[in-house]
Amino acid sequence: MASSISGLCSSSSSTLIRKPHLAPPLPPPKSHLAETLKPSFSGKSRHILTHAVARDAPVEKKGGLERDPKALWERYTEWLYQHKELGLYLDVSRMGFTDEFVKEMEPRFIKAFKAMEDLEKGAISNPDEGRMVGHYWLRNPKLSPNSFLRLQIENTLEAICAFSQDIIAAKIKPPSSPDGRFTQILSVGIGGSALGPQFVAEALAPDNPPLKIRFIDNTDPAGIDHQIAQLGPELASTLVIVISKSGGTPETRNGLLEVQKAFREAGLNFAKQGVAITQENSLLDNTARIEGWLARFPMFDWVGGRTSEMSAVGLLAAALQGIDIKEMLAGASLMDEATRTPVVKNNPAALLALCWYWASGGVGSKDMVVLPYKDSLLLFSRYLQQLVMESLGKEFDLDGNRVNQGLTVYGNKGSTDQHAYIQQLREGVHNFFATFIEVLRDRPPGHDWELEPGVTCGDYLFGMLQGTRSALYANGRESVTVTVQEVNPRSVGALIALYERAVGIYASLVNVNAYHQPGVEAGKKAAGEVLALQKRVLAVLNEASCKDPVEPLSIEEVADRCHAPEDIEMIYKIIAHMAANDRAIIAEGDCGSPRSVKVFLGECNVDALYA
Ligand SMILES: O=P(O)(O)OC[C@H]1O[C@](O)(CO)[C@@H](O)[C@@H]1O
C-alpha cells in the first residue's frame, strides 16, 4: 500500500506521515559565570553579589546592592540622568556598580568614545565589510563626511515626504481601486527591514491612519496567505513596499513572488502598486526598475539593516501612516547629541553600556529582560533583540580572538509579563537584569478617570512597575529604568538612538565589530544547500519513477544516488516535508522506522529527465 511519509508517523506500516520534524532549536547559551548571593558586608540587610572571574579577565565585578533606603535615595539622585528637552530619564541606581568599577572602566570608555567619534567622521568602522557606519548622519545630514552623502540623505527624505503626501492626498492613485486611493500598506521584508517599521507602527500609528499597515516578514506560506486573505478586495488599494538592503534575501524575494501571484490572480497590475526600498543596482532594484514599479527609494551601503529605522526603511511606512517622521528624526538627533558626551555619567548610552558590562561581566553572562510598561511599546524588546544580539553576538573580537560575545535580550511588556515569567525572575535562576521602560503619561489629557477613589487604571500600571522593580531588587535582582513622558515620535526616535549608541559603545568596550553579522551567513548558506539537495533528490526519484515498472527506492538508495550518503538524515527530512505537502511523494513501508521505507513519485516527469 502506498503512503506519504514524515517524521511523525504511526508505528503501523504504510501509514501517511503528515508532520515532518524540523531540527530542534539549539539550547540557550549557558551562563559563563557562577554567581552567588552572599550575606551582608556591613548592615544586616546588605548583600554582596560576587562573580567568578571571567576567562578573558574583563574588569572584575566587585560590589554590592545598597539596601539602606537613605543611601539608596542618595544613589538614585546622584546617578539619575535627565535629558530636559526630551523629558527622558535614566535611572541606574538599582545596578550595583561601584565607583571603583566606573574608574576601572575609564580606559575602555575613552577608547569607545574615540572609536565613536571616528565612526561619525566616516571611518571604516565595519572593517570586515569595509564599510562606513553612518546611521547617525540620517538625523543630522550635516555630519556626513562629504556633501554627496549629505545630499543623498536630504534628497531621500524630501522624496519620502513628497511621495507619502501624494499617496495620502490621492494624487497618486492605485489604478483599479474603487476608492480611488491607497488604503493599505503591505510591507515585505525581514530582520532590520521589518522590525523597526513594525515597532514604530505599533508604537505610533494613530487609531485611524491614512493607510493601515500589514507585514510579510517570513517565507511561511500560511502566514503570507493570511496577510493576503485579510486584505481581501482591498488588495486593489494596497501599496506594497518591498524592503531589502541587499535586495537578495530569499524570504523577502519569496514574499514578493507570492504577492505578485496574488495580484495576477486578482487581475491587478503589481507594478503600479509596488515600491522598492533597496541599494542601488541590487537584484530588487533592477527588478523594480525593469518592471516599472511605482517608486524606488535608496538604502545606503553605510546603513546597516538593524540601524535603518531612520532611513527610507522606516520613514516611508511611518509617513504613510501619518506619523510625524521629522519629529522622530528630531528626537533621535537630540539623543545623538546627548550621547556624544565623553563623560559617562552625563551620557545615557554610556551609562547603559556601563550597566550592561557590570551586569553581564562584560561576557554576556546575564540576559537583558526588557519590560516596557506600555502596550504600544510591546515590540520594542523584539526590535532591541536584533539590534543588540545581531550586533554583539560575535565569535571573534576585533583582534581575531575567539570570544563568543553577546547579550541576550527578551521581554514583552509589563504588567502582562508579571503574570507569565516574573515569578522566575524574582525567585528562580538569577541569570538576568531587567530594563523597565516607564511612560509617565497614562492617557491623553482629559481622558482619565478614577476607577476607584483616587486611583486610575494608569496608577495600577505605575504601581505594578514600581512594585516589580522593588520586589526584584529586594531579591538581589538588578534593574535599569528608562522613563519618557509619553510615547510620541520624538521619544520613540530618542529611544532608538539611545540604544543604537549604547550598542556601539558596548561593542567597543568588549572589542567586537557591532556592524557585521557573519554568523547569519552560515544559516543562509546551509538553507541554500538543503534546497539544492532537494532538487537532486527529486531528480533521483523522478528517474526511478519513470522506469517501467516504477522502482521504489529506500532512503539509503536515494542518498547513494544523490552521491550524498552523509546527508541521509536531511534527505529523509526533505522527503518527509514534501510528502506532508502533497508533492506526489509516495512511500511504502513502516514509517516508524525510516530504514524500511521505500519511496517513489506518483508520476513521472519526462521533461525533467532530460533537463
Ligand atoms: O535587508 P536585507 O538585506 O533583506 O536583510 C535583512 C536582514 O538579514 C540580515 O542581513 C541577516 O539576518 C539582517 O542583518 C538584515 O536586517
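**View 1. Helices α11 and α15 at the ligand in the predicted model**. Helix α11 (380-392) and helix α15 (518-545) each contribute at least two residues to the shell around the ligand, in a model that is predicted. By class, this shell divides into nine polar, four charged and two nonpolar residues. Of the 15 residues around the ligand, those that come nearest are Gly-192, Ser-244, Ser-246, Thr-249 and Glu-390.

View 2. The ligand taken alone exposes 390 Å², of which the protein buries 88%.

**View 3. The open sheet of five strands**. With parallel pairing, the strands follow the order β7-β6-β8-β9-β10. Because β7 (212-216) and β10 (295-298) stand at the edges and have a single partner strand each, one side of each is left without a neighbour in the sheet. Neighbouring strands of this sheet are turned against each other by 20° on average, direction ignored.

**View 4. Strands β8 and β9 with helix α7**. Strand β8 (residues 238-244) pairs with strand β9 (residues 274-278) in the parallel sense over five bridges, and Ile-241 stands opposite Val-275 in β9. Helix α7 (residues 283-291) lies across β8, β9 and β10, and runs at about 150° to β9.

Definitions and conventions: Residues are numbered from 1 along each chain as its sequence is written. This is a predicted model: local features need pLDDT of at least 70, side-chain atom pairs count only at pLDDT 80 or more; totals for chains, interfaces and linings use all residues. Side-chain values use heavy atoms; hydrogens and water are left out. Two strands pair if DSSP finds at least two bridges between them. Helices (H or I, at least four residues) and strands (E, at least two) are DSSP runs, numbered from the N terminus. Axes are lines fitted to C-alpha atoms, for helices over the stretch in contact, and angles run from 0 to 180 degrees between N-to-C directions. Contact means heavy atoms within 4.5 Å. A residue is near a molecule or strand if one of its heavy atoms lies within 4 Å of it. Accessible areas come from the Shrake-Rupley method with a 1.4 Å probe; for residues, only the protein chains shown count as cover. Ala, Val, Leu, Ile, Met, Phe, Trp, Tyr, Cys and Pro count as nonpolar, Asp, Glu, Lys and Arg as charged, and the others, Gly among them, as polar.
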